[in-house]
Every structure is written in structure tokens, then in C-alpha cells.
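Me: I'm new to this one. Can we go through it piece by piece?

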Amino acid sequence: MDHMSNGLDDLHPRGTFRNIGTNLSTPSARVQIDQVDLEILELLTADGRLPQKKLAERLGMSAPAVADRLSRLAQKGVLAGYSAVVNWDALGLVTVVYISVKLSMKIDRGPIMSCLAASRGVEEVTLVTGGFDLLVRMRVRDNIHLREILMDSIWQMEGIDTTVTMISMGQPPGLDPNRRLLDEVRRELQERSESGE
């Protein structure tokens with residue numbers, strides 16, 4: 001073992017994670033928000049098209065004060081943008097598929113992640129821990145569409161050892177992750193307030 005080795009080279013051959021950092025998003029630094037910021041986020045996640053004037057009315061604030069808050073939230077990266085929520089079912093992409101991917105031991109993970117992210121129907125590619133290396137979430141029209149993507153694209157990628165494909169059978173109605181996550185933030189704000197932070 002040379003003086004630079006940490007003994008892990010046998011577990012992860014040199015190069016398998018060399019470019020991984022360029023293929024992962026960088027987590028944002030945590031931003032402190034207050035109750036008003038939280039209320040703004042709750043209103044916008046419920047209706048992203050809410051005009052600033054209406055937002056100000058609902059908050060009991062002036063429109064310029066709300067504009068300042070929105071600008072600050074955007075500058076700090078809390079508001080990453082505004083986008084439409086598309087009902088993919090209405091456009092025929094009704095089946096959600098999760099694919100667990102195990103990669104060959106000596107293959108560089110970064111380029112495979114980029115290649116998977118560029119594949120048809122892929123919504124998300126995530127580096128994960130456990131028995132697999134990657135988790136891919138995608139949308140397809142039907143089983144024939146899924147088979148085409150798997151056989152013509154994903155299974156043809158050099159370095160993919162094993163895949164396990166799971167087809168979503170549905171989700172509970174009214175599932176709103178924004179609401180639940182903002183509730184978590186609200187609880188943290190209350191705990192900080194009660195502890196005097």
C-alpha cells in the first residue's frame with residue numbers, strides 16, 4: 001500500500017468514481033427562512049401562477065414587500081424557478097417505471113449516469129447506496145414502449161451489469177410532497193422559535 005492509499009482501492013478500482021462529481025447536482029447550502037417566507041412558499045406551491053398582488057393580499061403585506069421577499073428567496077436558491085405541473089397521464093405517458101441498475105466494477109459511473117439521463121422517458125437518475133448503484137425513474141406509454149427503451153437503449157450501454165425493473169401500480173390520490181415537506185420546515189421553525197434560536 002503506497003503512502004496515498006487508504007486501502008479502499010481494492011473495493012473501488014481507481015477511476016470508477018473519478019468523474020462522478022461532474023455528474024451529480026451540488027446540494028444547496030441551508031437557508032434560514034421565517035414564517036412569512038414559509039407562507040409564501042406554501043401559497044406558491046399551491047398555485048405557482050398567483051400574482052404578486054394577490055400574494056400580498058393573502059399575506060396582509062404590501063406588494064413591494066412581497067416582491068423583495070420573492071427576490072431574496074430566489075437569490076438564496078430557495079425558489080429555483082416557476083414551472084407548469086404537467087399531467088403526463090393526459091399525454092399518454094401513463095406508466096411510471098423504476099429501474100435499479102448495477103454497474104460493472106471497473107466502469108466509470110459518471111458517463112453512464114449522463115447517458116441514462118439522456119435516455120428516452122427518463123425523469124430522474126440517482127446514485128444510491130445498497131445493492132445497486134443507480135435508481136432510474138422514467139415514464140412510458142405501455143409495456144411495448146418500455147421494452148423498446150430497455151432493449152434498444154439501456155441494456156445496450158456498456159458497463160451495465162444488472163437491472164431490476166419495477167412498474168408502479170399507482171399512488172394514493174392527493175399525494176402532495178410539497179405540502180408534507182413544508183410541514184416539516186414549519187415544525188423546525190416552531191421548534192427553533194420555542195427554543196429561542
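Me: What do the side chains of R139 and E123 meet in?
Reply: A salt bridge, at 3.4 Å from N to O. This is a predicted model.

Me: Where in the chain do R139 and E123 sit?
Reply: R139 is in strand β3 and E123 is in strand β2 (residues 122–127). The two are 16 residues apart, and the pair links distant parts of the chain.

Me: Is E123 buried, exposed or partly exposed?
Reply: E123 counts as partly exposed, because its relative accessibility is 39%.

Me: And R139, buried or exposed?
Reply: R139 counts as buried, at 14% relative accessibility. The cut-off for buried is under 20%.

Me: Which salt bridge does D89 form?
Reply: The side chain of D89 meets that of R139, with 3.4 Å from N to O. D89 lies in the loop between α3 and β1, while R139 belongs to strand β3 (residues 134–140), 50 residues apart. At 42% relative accessibility, D89 is partly exposed.

Me: How many salt bridges does the structure hold?
Reply: It holds 13.

Me: Which residues are linked in a network of salt bridges?
Reply: D34, D37, R69 and R72 are linked in one.

Me: How far apart are the closest N and O atoms of R69 and D34?
Reply: They are 2.7 Å apart, in a salt bridge. R69 lies in helix α3 and D34 in the segment before α1, so this pair ties together parts that are 35 residues apart in sequence.

Me: Buried or exposed, what about R69?
Reply: R69 is buried, with a relative accessible area of 19%. D34 is partly exposed, at 31%.

Me: Changing topic to the helices. At what angle do the axes of α1 and α3 cross?
Reply: Roughly 85°, and the axes of α1 (residues 35–46) and α3 come within 11 Å. The two helices are therefore roughly perpendicular to each other.

Me: Which residues make the contact?
Reply: From α1 there are V36, D37, I40, L41 and L44. From α3 there are R69, L70, R72 and L73.

Me: Now the surface. Which residues make the nonpolar patch?
Reply: V86, W88 and L91 make a nonpolar surface patch of about 280 Å².

Me: Where is V86?
Reply: V86 is in the loop between α3 (63–75) and β1 (95–103). V86 is partly exposed, with a relative accessible area of 37%.

Notes: Residues are numbered from 1 along each chain as its sequence is written. This is a predicted model: local features need pLDDT of at least 70, side-chain atom pairs count only at pLDDT 80 or more; totals for chains, interfaces and linings use all residues. Side-chain values use heavy atoms; hydrogens and water are left out. Patches are made of residues with over 30% relative accessible area and no salt bridge: like charges are joined within 9 Å, nonpolar side chains (Val, Leu, Ile, Met, Phe, Trp, Tyr) within 5 Å. Accessible areas come from the Shrake-Rupley method with a 1.4 Å probe; for residues, only the protein chains shown count as cover. A salt bridge is a side-chain nitrogen of Lys or Arg within 4 Å of a carboxyl oxygen of Asp or Glu. Helices (H or I, at least four residues) and strands (E, at least two) are DSSP runs, numbered from the N terminus. Buried means under 20% relative accessible area, exposed over 50%, partly exposed in between (1.4 Å probe, protein chains only). Axes are lines fitted to C-alpha atoms, for helices over the stretch in contact, and angles run from 0 to 180 degrees between N-to-C directions. Angles under 35 degrees count as roughly parallel, over 145 as roughly antiparallel, 65 to 115 as roughly perpendicular and the rest as oblique. Contact means heavy atoms within 4.5 Å.
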